[in-house]
Amino acid sequence: MLYDFELAGRRVRLWQRRGESYGHVLMKALGYAMFAPEYPGLEVELPVGLRYKPDLVALNDAGAGGRAARAGARFLFWGECGMVSMRKVAWLLKHGDTERLVLFKIDCGVTPYTRELRDSVEPRYRGRGRLTLVNFAADVAERVGGRRVTQVPESWYTKIDV
């Protein structure tokens, strides 16, 4: 199924693939609306040639929105929505060559999940705001209403730097 969204002033078309929930599509849309202003080159499900394919990604192109990435980082931003293993998170932070990894969840147990992330990923790989958890409220789909999201109010989510 194809969903047409207007996110942060841009038209974004997202496919709901077989086996994928609407919640997963919605997390991609909300993540895009939250971070597109900060990362103007943000893309959805762009193949990047790694063992994993990001739900959201901003490449470190020359002059990408005026942001300066840490030396050598191939990706300014990498977003993962829904279920993601600790092994994948650790691999992305250690080998994925990304400046910032954001995990998007809906109504997860924040305290135990954050503890598990901290136990699974060495501090040197998650420091300086490199790993962030965005946990949307359980009723976020009702809060969104339609498919037009100009911004994502802070009352819709909790954000934790791990």
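**Entry 1: alanine 8**

I started with alanine 8, which counts as partly exposed at 24% relative accessibility. My cut-offs for relative accessible area are under 20% for buried, over 50% for exposed and partly exposed in between, using a 1.4 Å probe and protein chains only. I am working on a predicted model, in which local features need pLDDT of at least 70, side-chain atom pairs count only at pLDDT 80 or more, and totals for chains, interfaces and linings use all residues. Residues are numbered from 1 along each chain as its sequence is written, and side-chain values use heavy atoms, with hydrogens and water left out.

I checked the backbone of alanine 8 next. Its phi is positive, about 50°, although alanine 8 is not a glycine. I placed the residue in the loop between strand E1 (2-7) and strand E2 (10-15). For elements I use DSSP runs numbered from the N terminus: helices are H or I with at least four residues, strands are E with at least two.

I found aspartate 107 with a positive phi of about 55°, and it is not a glycine either. Aspartate 107 sits in the loop between E6 and H3. It is exposed, with a relative accessible area of 51%.

I also noted aspartate 97, which follows H2 and has a positive phi near 60°.

Back in the loop between E6 and H3, I looked at glycine 109. Glycine 109 counts as partly exposed at 43% relative accessibility.

**Entry 2: H2 against H3**

How do helix H2 and helix H3 pack? I find an angle of about 50° between H2 (residues 86-95) and H3 (residues 110-120), with the axes 10 Å apart. That makes H2 oblique to H3. The classes are roughly parallel under 35 degrees, roughly antiparallel over 145, roughly perpendicular from 65 to 115, and oblique for the rest. Axes here are lines fitted to C-alpha atoms, for helices over the stretch in contact, and angles run from 0 to 180 degrees between N-to-C directions.

I then listed the residues that meet. From H2 they are Met86, Val89 and Ala90; from H3 they are Tyr113, Glu116, Leu117 and Ser120. Contact means heavy atoms within 4.5 Å. The contact residues divide into five nonpolar, one polar and one charged.

**Entry 3: what H2 buries**

I went along H2 for buried positions. They are Met86, Lys88, Val89, Trp91, Leu92 and Leu93. The cover over them includes strand E5 (75-81), strand E6 (101-106), H3, helix H4 (123-126) and strand E7 (131-136).

Lysine 94 also lies in H2. It is partly exposed, with a relative accessible area of 43%. I get 9.0 Å between the C-alpha atoms of lysine 94 and arginine 126, which are 32 residues apart along the chain.

**Entry 4: cysteines**

How many disulfides are there? I count zero. The rule asks for a pair of cysteine sulfur atoms within 2.5 Å. The sulfur of cysteine 81 is 13 Å from the closest cysteine sulfur, in cysteine 108, and that is too far for a bond. Cysteine 81 is buried, at 2% relative accessibility. Cysteine 108 is in no disulfide.

**Entry 5: valine 134**

I moved to strand E7 and picked valine 134. Is it buried or exposed? Valine 134 is buried, with a relative accessible area of 0%. Leaving aside neighbours within four places in sequence, its contacts are Met34, Val102, Leu103, Phe104, Lys105, Tyr157, Thr158 and Lys159. I also checked valine 110: it is 24 residues from valine 134 in sequence and 9.3 Å away, C-alpha to C-alpha.

**Entry 6: leucine 46**

Beyond neighbours within four places in sequence, leucine 46 is in contact with Lys53, Pro54, Val57 and Leu59. Glycine 127 is 81 residues from leucine 46 along the chain, and their C-alpha atoms are separated by 26 Å.

How values were computed
Nonpolar A, V, L, I, M, F, W, Y, C, P; charged D, E, K, R; others polar.
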